[in-house]
Amino acid sequence: MTSTTAIKSPQQGARHDANAPLLSIDELPPYAVFNPDGASPVLLLCEHASNRMPRALGDMGLPDHERQRHIAWDIGAMALAQHLSLSLDAPLFFTNYSRLVIDCNRPLSAPSMIPEISETTEIPANRGLSDAERQQRVDTLFSPFANAVSRRLDRLQDQGERPFVVGIHSFTPVYFGKPRPWQAGILYRDAVDFAHSLIRELASETQLTIGDNEPYNIHPDEDYTVPVHADARGLPGVLVEVRHDLIDTDAGVAAWGKRLTRCLKASIGGQQP
């Protein structure tokens with residue numbers, strides 16, 4: 001008689017020992033750079049590029065269909081960001097792990113940085129984390145990405161350049177049961193002229209409804225990229241949000257990539273001395 005032993009899967013969002021590494025040596029690093037030597041004045045960021053989770057966290061207690069949803073990543077954003085990186089010849093910094101592990105576009109004080117609930121979905125692996133567990137995620141995933149972007153901006157500004165910081169994001173067509181009317185939106189605080197120029201360029205295509213600080217707005221208590229990497233440095237910075245059902249195919253990415261390339265070039269040209 002052959003007996004079988006049930007193997008307990010690590011895929012249950014079991015607590016990770018903060019004294020052990022969060023990432024194994026054969027896992028991807030916390031972030032990567034695409035087209036690092038791009039000559040464009042645009043610096044592209046994609047903070048929600050992936051739904052990957054560190055092996056040590058298993059599936060974070062979530063079924064596969066939840067890990068494929070928008071709560072885990074910005075669907076289509078990475079493909080669009082890569083398209084723009086090539087069409088603009090712009091460097092692109094992007095994260096390699098899900099925003100459910102830690103959100104690299106949230107300040108350290110924001111509860112949503114490591115969400116216990118995302119929209120209406122509970123995230124079992126994020127419940128009741130110790131200070132050490134939270135700090136490990138900051139040290140392993142958040143800080144390396146944030147510091148790498150800061151170093152690049154430091155270098156550019158030391159060289160007398162004035163880069164345009166552009167984060168690439170996507171949003172859901174329906175949020176908490178309410179349809180959203182926009183195909184895209186531009187989010188900003190201090191960079192009013194740059195943002196309004198982008199909005200005008202996009203809205204010149206008559207079939208488009210473009211959000212002005214919609215479907216979200218930028219706030220220093222809830223956002224990191226624009227307040228820290230752009231506004232605090234006196235640099236023009238925006239987040240570009242595209243509805244994700246418009247960029248979840250190759251054709252959609254190509255169409256929006258072409259559109260945003262034109263609009264960014266036109267807006268940047270109008271901002272440069």
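# Cavities, pockets and the central sheet

The second largest cavity of this structure, which is a predicted model, has a volume of about 50 Å³. Its lining is made up of Pro30, Glu47, Thr95, Tyr97, Ser98, Ile102, Cys104 and Leu141. By class, five of these lining residues are nonpolar, two are polar and one is charged.

How many cavities of 30 Å³ or more does a search of the whole structure find? The search finds two. The largest cavity has a volume of about 70 Å³. Ten residues line the largest cavity, and those closest to its centre are His16, Leu57, Leu129, Glu133 and Arg137. The lining of the largest cavity comprises five nonpolar, two polar and three charged residues.

The largest pocket holds about 660 Å³ of space. Its lining consists of 32 residues, of which Arg99, Asp103, Arg106, Tyr175 and Tyr216 are the closest to the centre. Several strands take part in this lining: E4 (117–118), E6, E8 (178–179) and E11 each supply at least two residues. The classes represented in the lining of the largest pocket are 13 nonpolar, nine polar and 10 charged residues.

The second largest pocket contains about 180 Å³ of space. Among its 14 lining residues, Gly38, Ser40, Pro91, Leu156 and Glu161 are the closest to the centre. Strand E2 and helix H3 each supply at least two residues of this lining, and the largest share, three residues, comes from H3. Eight of the lining residues of the second largest pocket are nonpolar, two are polar and four are charged.

The volumes are set out below.

| Space | Volume |
|---|---|
| Largest cavity | about 70 Å³ |
| Second largest cavity | about 50 Å³ |
| Largest pocket | about 660 Å³ |
| Second largest pocket | about 180 Å³ |

Some of the strands named above belong to a sheet. Seven strands form this open sheet, in the order E1-E3-E2-E6-E11-E9-E10, and their pairing is mixed.

Strands of a sheet pair through backbone hydrogen bonds, in either a parallel or an antiparallel manner. Strand E2 (residues 42–46) and strand E3 (residues 92–95) run parallel and are joined by three bridges. Within this pair, Leu44 stands opposite Leu92 in E3.

Two helices lie across strands of the sheet. Helix H3 (residues 131–158) lies across E1, E2, E3 and strand E6 (164–171), and runs at about 170° to E3. Helix H4 (residues 192–203) lies across E6, strand E9 (184–187), E10 and strand E11 (237–243), and runs at about 160° to E10.

A further helix, H1 (residues 64–67), includes Arg67. Which residues is Arg67 in contact with, leaving aside its neighbours within four places in sequence? They are Asn51, Met53, Asp59, Leu62, Ala72 and Trp73. For Leu62, the backbone oxygen lies 2.6 Å from a polar atom of the side chain of Arg67.

Notes
Residues numbered from 1 in each chain as written. Predicted model: local features only at pLDDT ≥ 70, side-chain atom pairs only at ≥ 80, totals over all residues. Heavy atoms only, no water. Helix = DSSP H or I, 4+ residues; strand = E, 2+ residues; numbered from the N terminus. Polar contact = N/O pair within 3.5 Å; in protein donor to acceptor, adjacent residues only side chain to side chain. Contact = heavy atoms within 4.5 Å. 1 Å grid on protein atoms, 1.4 Å probe; cavity = no way out; pocket = protein on both sides within 12 Å on 5 of 7 lines; lining within 4 Å. Points joined across faces, edges and corners; volume = space filled by probe spheres on them. Nonpolar A, V, L, I, M, F, W, Y, C, P; charged D, E, K, R; others polar. Pairing = 2+ DSSP bridges. Axes fitted to C-alpha atoms, helices over the stretch in contact; angles between N-to-C directions.
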